[in-house]
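Colleague: I am new to reading protein models. Could you walk me through some features, one at a time?

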Amino acid sequence: MRKLVVTLAASAALLSIAAAPARAQEEKLPSPGWSFDGPFGTFDPAARQRGFQVYKEVCSACHSMNLLHYRDLEDIGFNEDQVKAIAAGVQVQDGPNDNGDMFQRPGRPYDAFKPPFANDQAARASNNGALPPDLSLIVKAREDGDDYVYGILTGFSDPPAGFKLMDGMNYNKYFPGHQIAMPQPLTADRVTYADGTKATLEQEAHDVVTFLAWAAEPKMEMRKRVGTKVLIFLLGLSGLLYAVKRKVWRDVH
Amino acid sequence: MASSSSGKFFQNPVVKWIEYRLPVFSFIDHSLGSNYPAPKNLSYWWNFGSLAGAMLTIMIVSGIFLAMNYQPNAALAFDSVERIMRDVDYGWLMRYVHMNGASFFFIAVYIHVFRGLYYGSYKYPREVLWWLGVAILLLMMATAFMGYVLPWGQMSFWGATVITNLFSAIPLVGDTIVTWLWGGFAVANPTLNRFYALHYLLPFVIVGVVVLHIWALHIHGSNNPLGIDTKGPQDKIPFHPYYTVKDAFGLAVFMIVYLGFVFFAPNFFGDPNNYIQANPLQTPPDIVPEWYFLPYYAILRSIPNKLAGVIAMFSSILILLILPWLDTSRVRSGRFRPVFRVFFWIFVLDALLLGFCGAHPPEGWYIVLGRVATIWYFFHFILLLPLLGWFERPLPLPTSISEPVLGGGRAPAGAAARSMEKR
């Protein structure tokens, strides 16, 4: 059995080298360290709520989050009335009514997050031809998505000397090709946090990434909790089965 | 050696009543129970067949639950998968179990195949058993490929485009075939619909071939680490309880690794691009298949001519069908083949190297490495194995399975066994 374990471990090591995709990353991404990293990591609840504030007050001007519903906000610590109030803050189209007309009404918790633009064409028309991506899954849709989004948000600067920036583009250290259509969205004190946290650029970026990481994987905490129990059970079961196996096989050989 | 516990089981009046009308219990007992004798020296490498069977079961069960909530429509598919992840009770679990299950099904099957390669399990009289295994592998690959298309992410879409386009390499009718496969002039809704239908169908075809695979296995029984035939009852133990408990232990350990990924690194084997909805107007920077296809992808890309590349890629699997005749050695187990054993491990490294090349864009050294590895892959089968059989001097084989274990303490049993030797 030792030979089997050694061979499997060696193959796994080789495989992980073999399968590592080529990364065209020119700059090493910054990582502030995430509360949700690791097998027992959870989302920092305060950072996640502040992150929602950043999304709502800044990002949502251009970026949709189509996979989220207002009701989902109860998972990040808003109570039912708060969620109702947040949802009621937008007007959504409903209908047709009994007269066959579409009408506007205040949002309800079961509504999906209202997108800033009616469609992709409208989004492009308002953004110099560029389409702001939906942010529901952005943290899972990029390699090292949490560090990547944090890098983009904190990576704006003036282009280095000699760098030719195209019209309407902005320099970003961490964006592939360094030319990004999005102007720098976050700056110090862009939002005012109710809990008194100082709204530095790094703090805002950290908070909104925590919120976006939750949005991309809302069941993560439950997954890790269940997983811990399952693995403990399986370890015990393996031990028992090994003992049974030894006992059954005692008289063979 | 039939165990007394099963004898008691057969005395139960209900069991007797059913057994008299449909002998299902004795069928199970003869298939996987106390009446199925197996060589007593099977190592843990022999666990991977039952592990593959367990994975197939898990894939079918989790897949059925996913199918209850999935929408095979190009406009709805991506969001329906996310709905499963977010709003369906334990949908995230079913989805991650299924997604990682594909990887671990392939891990189990690849280990199972390489075990067969090392111990010569494909040789006389198990050639048909081996063929059925190759058929299962091909069916698995088709099923996995079509399953990967269903979430309708960027890699789903572009992977489907690249792979279906391979058929355009066929002279004269290639383009017509591709249009026929797509159900249109590009990968689109009709393609997704048919892939879904086939993805639901093929696993049950696999189950059918697995039944044949196990049937063929039962005719001559399992091969074993010594690669010699069993010589009589002293070489065998009943499958139940010996191998049922050993397989159960192996399954629990395998589950720890597999579910470890499901719960703590569920996207490790995935590509971030597949969390972006399919967009026919935007090609991702590089299109990479799932890890279990990387070696074949490397072979495909190593050959400059498209048609030749496609032929080489399919040949890399199909060559296994004639392996029983390419390997001219009459000794099954690599344990007694000192030269083969070295080349076996070189072949394993070669397969890993092909996977490594498949994961990287075909530039610079990766092209050279990929080509060398491709040539070696076919060299191993076409030249090396036939020649090794002639020139290699195998180590002396033990006379029976019991002998090396008992240390020759039971001469009469060994002598009796020798007289039963056929080959």
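This is a predicted model: local features need pLDDT of at least 70, side-chain atom pairs count only at pLDDT 80 or more; totals for chains, interfaces and linings use all residues.

Colleague: What kind of peptide bond joins A:G95 and A:P96?

Modeller: Look at omega. The bond joining A:G95 and A:P96 is cis, with omega about 0°. Chain B has a case too. There, a cis peptide bond joins B:H240 and B:P241, with omega about 10°.

Colleague: Where is B:P241 placed?

Modeller: In a helix. B:P241 belongs to α11 of chain B, residues 239-264.

Colleague: Now phi. Which value does A:H178 have?

Modeller: Phi of A:H178 is positive, about 65°, although A:H178 is not a glycine. The residue sits in the loop between β3 (170-171) and β4 (179-180) of chain A.

Colleague: Next, cysteines. What is a disulfide?

Modeller: A disulfide is a covalent bond between the sulfur atoms of two cysteines.

Colleague: Which residues does A:F117 touch?

Modeller: We leave out residues up to four places away in sequence. A:F117 then touches A:A61, A:C62, A:A122, A:A123, A:S126 and A:N127. A:C62, from the last topic, is on that list. A:F117 itself is in the loop between β2 and α4 (120-126) of chain A. With a relative accessible area of 19%, A:F117 is buried.

Colleague: How do I compare sequence distance with distance in space?

Modeller: Take two pairs. A:F117 and A:E143 are 26 residues apart in sequence, and their C-alpha atoms are 27 Å apart in space. A:D44 and A:W214 are 170 residues apart along the chain, and their C-alpha atoms are separated by 9.9 Å.

Colleague: Where does A:D44 lie?

Modeller: A:D44 is in the loop between α1 (2-19) and α2 (45-57) of chain A. It is partly exposed, at 28% relative accessible area. Leaving out residues up to four places away in sequence, A:D44 touches A:S35 and A:T210.

Colleague: On to helix packing. At roughly what angle do α4 and α6 of chain B cross?

Modeller: Two numbers describe the pair: the approach of the axes and the angle. Helix α4 (residues 48-67) and helix α6 (residues 91-118) of chain B have axes that come within 9 Å and cross at roughly 160°. That makes α4(B) roughly antiparallel to α6(B). Their crossing is left-handed.

Colleague: Which residues make the contact?

Modeller: From α4(B), they include B:F48, B:M55 and B:M59. From α6(B), they include B:M94, B:A102 and B:F105. By class, the contact has 17 nonpolar, 6 polar and 1 charged residues.

Colleague: Tell me about B:A102.

Modeller: B:A102 is in helix α6 of chain B. It counts as buried, at 16% relative accessibility. Leaving out residues up to four places away in sequence, B:A102 touches B:M59 and B:Y292.

Colleague: At roughly what angle do α12 and α16 of chain B cross?

Modeller: The axes of α12 (residues 294-302) and α16 (residues 365-391) of chain B come within 9 Å and cross at roughly 105°. That makes α12(B) roughly perpendicular to α16(B). B:A298, B:I299 and B:S302 of α12(B) meet B:G370, B:R371, B:T374, B:Y377 and B:F378 of α16(B). These residues divide into 4 nonpolar, 3 polar and 1 charged.

Terms used:
Residues are numbered from 1 along each chain as its sequence is written. Chains are lettered from A and ligands numbered from 1 in the order in which they are written. Side-chain values use heavy atoms; hydrogens and water are left out. Axes are lines fitted to C-alpha atoms, for helices over the stretch in contact, and angles run from 0 to 180 degrees between N-to-C directions. Helices (H or I, at least four residues) and strands (E, at least two) are DSSP runs, numbered from the N terminus. Angles under 35 degrees count as roughly parallel, over 145 as roughly antiparallel, 65 to 115 as roughly perpendicular and the rest as oblique. A crossing is left-handed if the near helix is turned anticlockwise from the far one by less than a right angle, and right-handed if clockwise. Contact means heavy atoms within 4.5 Å. Ala, Val, Leu, Ile, Met, Phe, Trp, Tyr, Cys and Pro count as nonpolar, Asp, Glu, Lys and Arg as charged, and the others, Gly among them, as polar. Buried means under 20% relative accessible area, exposed over 50%, partly exposed in between (1.4 Å probe, protein chains only).
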